[in-house]
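The sequence and the model come just below.

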Amino acid sequence: MLLPRLSSSLLRLPSSSASAPAAAASAPPFPPRGPASAFAATATTGGARSTGVRFPGGVRRRGAVAMASGDDARVAGIASSIRVIPDFPKPGIMFQDITTLLLDPKAFRDTIDLFVERYKDQGITVVAGVEARGFIFGPPIALAIGAKFVPLRKPKKLPGEVISEEYSLEYGTDKIEMHVGAVEANDRALVVDDLIATGGTLCAAVKLLERVGAKVVECACVIELPELKGRDKLGDRPVFVLVKAD
């Protein structure tokens, strides 16, 4: 089974990103094995294909085509560090596994740095992380830009008084909750998650923040699954992603 193609959608990074290390230096040090990769980190120009690599434990992780926007080689390293697990958690699902990114300190740092470079001068006062992987990327971004971090959690996980927002699933509904008073009117909010798929959770997160009077500046995700059209659900609310899975 061919795995999906990864591509970079990095948008308008600051000019300082041009000084990033070369793509070869950002790739994890695993020896190439097997056929050429079906993955790619792409944007507008440049790039060279790397081969698939064997991740410890016997699960194949793929390489990347380095075509980083703004000549930023870091995106290729991020893309190549993400593992895809076929048929998980059920048949037909290609699971985007960011735990391998977390095993690569350079890729993890580059991920945070790219977000920080984008948001450090946008007056963000609160970073809202969506459970659960938004809790991984959100706090270091918040610390770096001097914003508070607010967890958006599944029902009955927060101990205090909460405000909740319901959203639709394929079968049924779910909720996302936030502590009352954690976000205030006129806060400038950034919503962070690892992935945008159908957009239901992100849309609920945005509505929750807007209900208390916050201005949602943008939603930031590491990965996007464009075929699921999650952006459509968010309407004109902006979304920024580093990697697209085609």
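## The largest pocket

Five elements each supply at least two residues of the lining of the largest pocket: the strands β6 (94–97), β9 (162–168), β10 (173–179) and β11 (188–196), and the helix α6 (200–211). Helices (H or I, at least four residues) and strands (E, at least two) are DSSP runs, numbered from the N terminus. β11 gives the largest share of this lining, four residues.

The space in the largest pocket comes to about 1,300 Å³. Its lining has 38 residues, and those closest to the centre are Arg133, Leu195, Ala197, Thr198 and Leu228. By type, the lining residues divide into 18 nonpolar, seven polar and 13 charged. Ala, Val, Leu, Ile, Met, Phe, Trp, Tyr, Cys and Pro count here as nonpolar, Asp, Glu, Lys and Arg as charged, and the others, Gly among them, as polar. A pocket is an open set of points on a 1 Å grid over the protein atoms alone, where a 1.4 Å probe fits, with protein on both sides within 12 Å along at least five of seven lines; lining residues have an atom within 4 Å of a point. Grid points are joined across faces, edges and corners, and the volume is the space filled by probe spheres set on the points.

## Basis of the values

This is a predicted model, in which local features need pLDDT of at least 70 and side-chain atom pairs count only at pLDDT 80 or more, while totals for chains, interfaces and linings use all residues. Residues are numbered from 1 along each chain as its sequence is written, and side-chain values use heavy atoms, with hydrogens and water left out.

## The chain as a whole

Seven helices and 13 strands make up the secondary structure of the chain. Of its 246 residues, 49% are buried; buried means under 20% relative accessible area, exposed over 50%, and partly exposed in between (1.4 Å probe, protein chains only). The chain exposes about 11,500 Å², with 54% of that supplied by carbon and sulfur atoms. These areas come from the Shrake-Rupley method with a 1.4 Å probe; for residues, only the protein chains shown count as cover.

Among contacts in the chain with a separation of 6 or more, 62% are between residues 24 or more positions apart. A contact means heavy atoms within 4.5 Å.

## Cysteines

A search of the whole structure finds zero disulfides, a disulfide being a pair of cysteine sulfur atoms within 2.5 Å. Cysteine 203 is in no disulfide, and the nearest cysteine sulfur, in cysteine 219, is 8.8 Å away. Cysteine 203 counts as buried, at 6% relative accessibility.

Cysteine 221 is also buried, with a relative accessibility of 0%. The closest cysteine sulfur to that of cysteine 221 is in cysteine 219, at 6.7 Å, which is too far for a bond.

## Backbone features

Two peptide bonds are described here as cis. One joins phenylalanine 88 and proline 89, with omega about 5°; proline 89 lies in the loop between β5 (83–86) and β6. Another runs from glutamate 131 to alanine 132, with omega near 0°. Alanine 132 is placed in the loop between β7 (126–130) and α5 (134–145).

Lysine 156 has phi near 65° and sits in the loop between β8 (148–152) and β9, where its relative accessible area of 81% makes it exposed. Asparagine 186 has phi of about 75° and is found in the loop between β10 and β11. At 70% relative accessibility, asparagine 186 is exposed.

Threonine 111 lies in helix α4 and is buried, at 0% relative accessibility. Leaving out residues up to four places away in sequence, threonine 111 touches Ile78, Leu101, Phe137, Val222 and Leu242. Threonine 111 and phenylalanine 137 are 26 residues apart in sequence, and their C-alpha atoms are 8.4 Å apart.

Glutamine 122 is in the loop between α4 (105–119) and β7. With a relative accessible area of 28%, glutamine 122 is partly exposed. It touches Arg188 and Val217, again not counting residues up to four places away in sequence. From glutamine 122 to isoleucine 145 the C-alpha distance is 9.3 Å, across a sequence separation of 23 residues.
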